Every structure is written in structure tokens, then in C-alpha cells.
Amino acid sequence: MEERNLLLTAVKAADDKRAENIVALNMKGISLVSDYFVICHGNSDKQVQAIASEIKDKCGEIGVTVKRLEGFQEAKWILVDLGDIVVHVFHRDERTYYNLERLWGDAPVENIQSVIEQ
């Protein structure tokens, strides 16, 4: 599976469930955990769960198995581990609190506008 295709599939799936402020950070050379972080949020527990479920389903359709899914029941911060890509689906308030974009501020932001509906 081409990494870029997987990244765009995850971003598109999040966008399809109306995830807000989707950001993809290129973590190559910065983190040993993954090559990309995708960060987004929803405005309710149900929306956060729907976003994570859609990412899991759409990635499954292209043959990628989720390695780990954490935090689904609590729906405050769901981590979707796709291997080289880790998706962080936050509840709005949790995203503000943890502010991963600031924590990883030295990571370049990927251009994902081609798959996000305007």
C-alpha cells in the first residue's frame, strides 16, 4: 500500500464524517512511531466515534487492517493506528487541551486539500 494513498484515504474518510480542522503532519525523521500523524476533531462523542469507524472501514476497503484502535468507548481521543500513519480523532475540547499541532510544531504540514470538501 502506497503511504500517500493510505494518508489520503484516512483524510477523506474523516472528511466524509464532517471531521473539523483536519491536519496531516509529516513525522518522518521526527518520530519513530509513524511517518504521518493525522489530527482532527468532532463536536460530540457520537461524531468522534463515527469518524474513527469510517476511517477503519475505508482503510479496510483498500486492504489495510487497523493495528490498534484505542479510546473508542470514551470517545474523547481515539487513536487509529494504521502502521505508518496514526490518526488522532479528538473531541473538540480534548483537542484544544492536548494541542498536538503545537507539540509537534516542527513537523511539516502535508497538503491534503485535494480530498477535503470545501
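Predicted model: local features only at pLDDT ≥ 70, side-chain atom pairs only at ≥ 80, totals over all residues.
Now the overall layout. The protein chain contains 4 helices and 5 strands. Read from the N terminus, the order of elements is α-β-β-α-β-β-β-α-α. The radius of gyration is 13 Å, close to the 13 Å given by the globule rule for 118 residues, so the protein chain is as compact as a globular protein of that length. As for dimensions, the C-alpha trace spans about 35 × 30 × 30 Å along its principal axes.

Next, burial and surface. Of the 118 residues in the protein chain, 48% count as buried.

Let me turn to one residue, Glu3. Where does Glu3 lie? It belongs to helix 1, which covers residues 3–16. Is Glu3 buried or exposed? Its relative accessible area is 19%, and the cut-off for buried is under 20%, so Glu3 counts as buried. What does Glu3 touch, once neighbours within four places in sequence are left aside? The contacts are Lys28, Asp35, Tyr36, Asp84 and Ile85. With one of these, Lys28, there is a polar contact: the side chains of Glu3 and Lys28 are joined at 3.1 Å.

Last, the backbone. Two residues are on my list here. Arg18 has a phi near 65 degrees, which is a positive value in a residue other than glycine. Arg18 sits in the loop between helix 1 and strand 1, the strand being residues 20–26. Is Arg18 buried or exposed? With a relative accessible area of 52%, against a cut-off of over 50%, Arg18 counts as exposed.

The other residue is Asn21. Its phi is near 50 degrees, again a positive value in a residue other than glycine. Whereas Arg18 is in a loop, Asn21 is found in strand 1.

To recap the residues: Glu3 is buried and has a polar contact with Lys28 through the side chains. Arg18 is exposed, and its phi is positive. Asn21, in strand 1, has a positive phi too. That is what I have for today.

Note on methods. Residues numbered from 1 in each chain as written. Heavy atoms only, no water. Helix = DSSP H or I, 4+ residues; strand = E, 2+ residues; numbered from the N terminus. Buried < 20%, exposed > 50% of the residue type's maximum accessible area, 1.4 Å probe, protein only. Polar contact = N/O pair within 3.5 Å; in protein donor to acceptor, adjacent residues only side chain to side chain. Contact = heavy atoms within 4.5 Å. Rg over C-alpha atoms; globule rule 2.2 N^0.38 Å.
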